[in-house]
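Subject: Structure handover

Hi,

Here is the structure I promised you. Please open it alongside this note; what I found follows below.

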Amino acid sequence: MNQRMGLRELKKERTRETIAETAVRLFLDKGFDQVSITEIAEVAEVSRRTLFAYFPTKEDLVLQRFADHESEAARIVRARPAGQAPLEALRAALLDALARREPNTGLCDDPEVMAFLRMILETESLAARMTRYTARGSDALAGALREAGLDPLDARLVAAQVIVVQRELSLVNQECLADGTTADDQYPLAVRAAERAYDLLCEGLGRQG
């Protein structure tokens, strides 16, 4: 029974990945608004009903790639070593992500990643969903900061600032790469910008965070 359940779940996960990968490939080739759900289902060789069972909306086919990052900042704060301030944990995590050229930092010059991020910025419905995504991330981080001992109002304000700052840093990197700068050339500038941003956040909190 357990083995059958394991195989069933593995098959479902593979189907989900196939649908998502097919959709993103079509979106990048033709444009998000030019691709229909019917076309995605046909190319992925599934029914529309099956597609909607995995992805309730067309936007979900794109934003599922960000699902694991939504509460990432909150997880970083909760998992930080004893004695490390929340903002310092977030700073260290961002610097590590930059060093690894993670796509969500904007410092990844893989052509497909750049095209994917550009599509989100240039597609109104996707940009709107990203706004809601960042709002949920801010709420999650605020909860983690309250657990860390911050006043509830301070926690909300700091969380909002952190999420916006990290988003803006990512956009700066994306813009530089779009102008032709390589990720390696942008890296030292991205590190300085991240350090400066967190210095300002820490100063604003009076080094309490």
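Ala140 touches Ser71, Ala74 and Arg78, leaving aside its neighbours within four places in sequence. Ala140 sits in helix H8. Is Ala140 buried, partly exposed or exposed? Ala140 is partly exposed, because its relative accessible area is 23% and the cut-off for buried is under 20%. Arg156 is 16 residues from Ala140 along the chain, and their C-alpha atoms are 9.6 Å apart. Please keep in mind throughout that this is a predicted model.

**Helix H8**

H8 runs over residues 124-147. Its 24 residues should span 34 Å at 1.5 Å a residue, and its end C-alpha atoms are 35 Å apart, so the two values agree. The buried residues of H8 are Leu126, Arg129, Met130, Tyr133, Gly137, Ser138, Leu141, Ala142, Gly143, Ala144 and Leu145. They pack against H4, H5, H6, H7 and H9. Just after H8 comes Gly149, with a positive phi of about 110 degrees.

**Helix H9**

H9 covers residues 152-178. At 1.5 Å a residue, its 27 residues should span 39 Å; the end C-alpha atoms are 39 Å apart, so this helix agrees with expectation too. Its buried residues include Ala155, Val158, Ala159, Val162 and Ile163. Further along, Leu169, Ser170, Leu171, Asn173, Gln174 and Leu177 are also buried. The cover over the buried residues of H9 includes H5, H6, H7, H8 and helix H10 (183-204).

Ala155 lies in H9 and counts as buried because its relative accessibility is 0%. What does Ala155 touch, not counting residues up to four places away in sequence? Its contacts are Ala142, Leu145, Arg146 and Leu150.

**Nonpolar cores**

The largest nonpolar core has 28 residues. Those with the most contacts inside it are Phe27, Ile40, Leu61, Val62, Phe66, Phe116 and Ile120. Helices H1 (2-30), H2 (37-44), H3 (48-54), H4 (60-63), H7 (111-122) and H8 each give two or more residues to this core. H1 gives the most, with 6 residues.

Not counting residues up to four places away in sequence, Leu61 touches Ile19, Ala20, Ala23, Val24 and Phe27, among others. Its contacts also include Ile37, Ile40, Leu51 and Phe55.

**The largest pocket**

This pocket has a volume of about 610 Å³. It is lined by 32 residues. Which of them lie nearest its centre? They are His69, Glu72, Asn104, Tyr133 and Gln166. By class, the lining has 17 nonpolar, 9 polar and 6 charged residues. H5 (72-78), H6 (86-99), H7, H8 and H9 each supply at least two residues of the lining. The largest share, 7 residues, comes from H9. Tyr133 is also one of the buried residues of H8.

**Two loop residues to look at**

Glu45 is in the loop between H2 and H3. Glu45 has a positive phi of about 60 degrees, although it is not a glycine. Glu45 is exposed, because its relative accessible area is 73%. Arg101 is in the loop between H6 and H7. Phi of Arg101 is also positive, near 55 degrees, and Arg101 is not a glycine either.

**The chain as a whole**

How many helices and strands does the chain have? There are 10 helices and 0 strands. Of the 209 residues, 38% count as buried. The C-alpha trace spans about 55 × 50 × 30 Å along its principal axes. Among contacts between residues at least 6 apart in sequence, 69% join residues at least 24 apart.

Best wishes

Methods: Residues numbered from 1 in each chain as written. Predicted model: local features only at pLDDT ≥ 70, side-chain atom pairs only at ≥ 80, totals over all residues. Heavy atoms only, no water. Core = buried A, V, L, I, M, F, W, Y, C linked by side-chain atoms within 4.5 Å. Buried < 20%, exposed > 50% of the residue type's maximum accessible area, 1.4 Å probe, protein only. Helix = DSSP H or I, 4+ residues; strand = E, 2+ residues; numbered from the N terminus. Contact = heavy atoms within 4.5 Å. 1 Å grid on protein atoms, 1.4 Å probe; cavity = no way out; pocket = protein on both sides within 12 Å on 5 of 7 lines; lining within 4 Å. Points joined across faces, edges and corners; volume = space filled by probe spheres on them. Nonpolar A, V, L, I, M, F, W, Y, C, P; charged D, E, K, R; others polar. Expected span 1.5 Å × (residues − 1).
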